[in-house]
Amino acid sequence: MKPPTSTISKGSKPLRDGTDMTRSRGSIDCPDNRTLALAERIIQTDLAAPASSDVESERIKQNSERSIFRVVVDDRCVYVKEHIQRSATHRLKWWLLGNPARREHDASRYAIAHGIACAEIFASATVSDPNARARAISLAHNIANAAPLSCVFEQTVRQGTRREQVMLATSVAGLLAKAHASDFLHADDHPGNILVRRRNDAFETFYVDLYGARFSKPVLRADAARSLAAIGQWFKRRASRSLRLAFLKKYIDARGWSSNRAFLRDFVRQVERASLHHAQQLFQKRDRRIGRTNAHHHRIGLADGWRVWLTLRFRPSQEETGAVLPVWPNDNLADHLNTMLGTEVSRQDGERITDGPSGSTQFARTWSQGLAWYLFASPARQRYRMACASMNRDVPTVLPILCAEQRSGASVRCARQIVGRPPQCMGLSELLQKLPATARRHLLEQVGGLLSATFDRGLAIRNISPTRIEVACHKGQDIPMWAGIIGRVNSRPLSAKVRTWMLARFAREAMRGGNFQSSELARVLRACVRRSGNAGRWKQTCVDVLAAME
């Protein structure tokens, strides 16, 4: 059997066995097929550590494309990133663009040579094994006392001052401006790929994950707008408008561009258009994961024709409602799901049985209905998809834990959905009756904000109604969220016609329930229109909604 070989790229420095790791990519023999064995060998050589050094390794991240390990050698930390060639698409991409580890190595050297702060990739290697998939690894030195931008920003908002928030925003703007002025464009600008370190009264920022970066090519205004839009996607709902404007002004000043009001207005509009396009692509990417087996969702078949779709990862925004996220076992997942679903579900009167607020089972009444569920998804699966789409857009919703269908041939016999609710959660109508007038008005404005976020992020709800809204009470705040919604998902914001139809249906159901007064309903509509950025049109919107209700 031919042993696996490794190709290592690094500055000229010999290994302990005399093999030279030079830029000419000399090949060395690898004693086994383990990535960490090769990585530890490179680290010990780079750090000039003896072969008997204590080495500890830990996997800190894994997805379908790569894994990241933290390796500690004598109290010195190195991060090892492993890319695996899993499909023909990956092989073609590696052949056209080069392997990701080598690209990240080259991008890191370019960035350091041009004074761009980033994590230094000091070595990269490819492992070729005729009996396994090709792999590529890159090794980066640790940046001491640094944390992701998202964590530092949230901490600054909770504990810091306005001055510190502006300092952090301008520091990030300076990093992006320096990179773009040096013809370096990061392919994935989000807060997780920027590390921040506090030094005295200032912040230092560093790039990480450079394997998709583009360099040695001028960064035009359109490229810069797309880059700022990508990082602004996260900050849009967390930073104030004035802070985002200060960020843009610092970026423009650092690039040496014109600072007049007309140029700033045009550039802001360009960034807004790029933000809308980026959000559409991001939503489409997240929605494609639903119902497939990947790092975020899982599909599994059980006995007796049961097919289960479950959610493995939830958005961080779901924790803001106080919901307890489920933890799935690494082993015996099928047994765990059998216990959760129960195998003694039988048909009862009313065609529907419930087992509390966590889940319900619905039976197909006829064979034709079962066939329709098989072809177009059961109501439980539709609710699961819609809840996942809401979660992907950071619209508050009950946790879509799983849905299951029991199939028999080309028909679905019954379907079940299990959701997770926060400990303190109740229906909107029930809570409104218990609140005083001031808290009631505040909650109604929150409901208007929920409607606005739903429309702006492309969720067309067919069964929209106040009864589909539940309120989670967490940390002294009332957070309205959707429950049991069914509809259509769009990547673009909803049109004015669809918004008017949904608001008219919502208003009709609210008046029919008798829990809303006309003035309170007008408050909800006004808050919805204002949150969407059309504060001057809320009266005309009310007129359109009243006309649609007739």
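Residues are numbered from 1 along each chain as its sequence is written, and side-chain values use heavy atoms, with hydrogens and water left out.

Let me start with confidence, where pLDDT is the predictor's confidence in each residue, from 0 to 100. The chain averages a pLDDT of 82, and 86% of the residues score at least 70. Residues 1-7, however, stay under 50, and the model gives them 26 contacts beyond four places in sequence, a contact being heavy atoms within 4.5 Å. Residues 11-33 are also below 50, with 58 contacts beyond near neighbours in sequence. Where pLDDT is low, the predicted coordinates should not be read in detail.

As for the chain overall, its secondary structure comes to 16 helices and 25 strands; these are DSSP runs numbered from the N terminus, helices being H or I with at least four residues and strands E with at least two. Of the 550 residues, 47% are buried, where buried means under 20% relative accessible area, exposed means over 50%, and partly exposed lies in between, using a 1.4 Å probe and protein chains only.

Three strands form an open, antiparallel sheet in the order 21-23-24, and two strands count as paired if DSSP finds at least two bridges between them. Strand 21 (425-427) and strand 24 (477-482) are at the edges, and each has a single partner strand, so one side of each is left without a neighbour in the sheet. Strand 21 is joined to strand 23 (residues 469-474) by three bridges, and Gly427 has Glu470 in strand 23 as its bridge partner.

Finally, I would like to turn to one residue on a helix. Thr339 lies in helix 9, which covers residues 333-341. Is Thr339 buried or exposed? Thr339 is exposed, because its relative accessible area is 67%. A polar atom of the Thr339 side chain lies 3.0 Å from the backbone oxygen of Asp335; a polar contact is a pair of N or O atoms within 3.5 Å, where within protein one must be able to donate a hydrogen and the other to accept it, and residues adjacent in sequence count only if both atoms are side-chain atoms.

Technical notes. This is a predicted model: local features need pLDDT of at least 70, side-chain atom pairs count only at pLDDT 80 or more; totals for chains, interfaces and linings use all residues.
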